[in-house]
Amino acid sequence: MKEFRPPNFPLTCRESIDVNFNVLKNRRPLSQTSCYNPDLDTMEDTFDDEDFLSDQEDISVQKVLQTLEEAWLNEKFSPELLPSQEDYVHCMMDQIQQMEDNLNKLKKTDFRGEVHHMELARIRYIITSYLRTRLDKIELATAHILEQEALRGPENSYLSEGELKFAKEFLALQESHSKQLVLRHMPSPFQEFMPTQQTLVPNLRSHVFLRAKKDVQSVVIEGDRDNRDEEVDLDENSQHIMQYQPIATYLKDGSLQLI
Amino acid sequence: MFCEKSLNLIKELDRSTEAMPAFDDDGVRQVFEEMRGLYDQNVAAANDSTADPDGTAIAGIAIRHAALERNKRCLMAYVYNRIRKVRNMRWQFGSILPPEIKANLCEPEIQWFNSYSKTLALYMKSIGDQGLNLAQDVKPPKSLYVEVRSLTDYGKFEMDNGEVVLLKKHSTHLMSRAQCEPLIIQGILEQITH
């Protein structure tokens, strides 16, 4: 698996997003004194997309953005492909579109326009980087990921519909390409394309940095030849360096955050 | 020695300093010949089992078989790693390859590139309602505007807001990042860092 270098960007990004959202929240007085489009105010606080998670109707955009940010960091640092947060991506993209439309109505000389444009550029970076990271993983371990996906079944899938289609097409491309270029010239017993034997498999034993978002009791760390199995409790907000495998399930249920 | 040629293919590819070394038709063909030779020997040996009282033929078959497997694996690796390079080009240059790269690809690779472009474009279109170009926003934005220097005589460039700038060689501009990012990746502009 490709190594993902920790970017120096996220921290500053998170800080500035918080700050900027404060700007957004405190903007109401400003908008009353100017010709600012009032739609902007409502749209950042709530949104009502009916397809989106019907049981949680009023999720603030901050929450969506935060979820996306966490998903993005988790995806960046975890060796394997994590469940897709497609709904959040779509929702955020709709928001961006709306915000852009509203921003275009602003006068060019308005300083707030610049601040918001910057903010949108940041959010867009998070989204594209998140999807790119996933695509990279899919391309590197296509056969393995498809195999796992088939085992999990459609109701429990990690890939979004588009990603699944992409993965299948990508694998088919690899197959036809290697067949055409080399395999068909080989002696007949060697002509078969064996994707599962050739695929890269993510190294689940690689180490990750993580922070516990809540208390996690008795994580079992497998022992090796010299050591016994060990149990660890992760306290809320504590930070650890651990192998990925034992904590994978906790990461997926949202108790942990990779950093 | 067995498999030397196929290993060399990979080594050459790895050592090459070019962005895209030419497809080594000749090398690949030599490996095919070696494989065919090995395979024929194996078939002959297997059919001639009567002449094998002490089991030496079996050992020979096993070795040749292993060599065949290794040759196959090396060739697959060679093809795969070239494809990875081609794939990176798609992200770097978009769906049109520069001619000097294209000259070094073989026909199936160009086909692969086109199909990959298509698959990728379909995927990007499927994201959200209007699609999302993932080849944009590749770097975390630090500021909205960047200073850029033009490396070529690109000519007129129209921005989203309708303004037209003339990109002449060595001229410098302050442009919005989103606008000039594709041009920077293509090597038309260069970002000036202070």
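User: What counts as a salt bridge, and how many are there between chain A and chain B?

Analyst: A salt bridge is a side-chain nitrogen of Lys or Arg within 4 Å of a carboxyl oxygen of Asp or Glu. In this predicted model, the count between chain A and chain B is 3. One of the salt bridges joins B:Arg84 to A:Glu139, with the closest N and O atoms 3.8 Å apart.

User: Now the surface. Which residues make a nonpolar patch, and is A:Ile241 buried or exposed?

Analyst: The patch is made by A:Phe209, A:Ile241 and A:Ile259, and covers about 280 Å². A residue is called exposed when its relative accessible area is over 50%. A:Ile241 has 54%, so A:Ile241 is exposed. You can find A:Ile241 in strand S4 of chain A, residues 239-243.

User: Last one: in which sense do strands S2 and S3 of chain B pair, and what lies between them?

Analyst: S2 (residues 155-158) and S3 (residues 164-167) of chain B are antiparallel partners, paired over 4 bridges. Look for B:Lys156, which stands opposite B:Leu166 in S3(B). S2(B) and S3(B) form a hairpin, with 5 residues between the strands. In the turn, B:Gly162 has a positive phi of about 95°.

Note on methods:
Residues numbered from 1 in each chain as written. Chains lettered and ligands numbered in written order. Predicted model: local features only at pLDDT ≥ 70, side-chain atom pairs only at ≥ 80, totals over all residues. Heavy atoms only, no water. Patch = residues over 30% accessible without salt bridge, like charges linked within 9 Å, V, L, I, M, F, W, Y side chains within 5 Å. Areas by Shrake-Rupley, 256 points an atom, 1.4 Å probe, with all protein chains shown as cover. Helix = DSSP H or I, 4+ residues; strand = E, 2+ residues; numbered from the N terminus. Buried < 20%, exposed > 50% of the residue type's maximum accessible area, 1.4 Å probe, protein only. Pairing = 2+ DSSP bridges.
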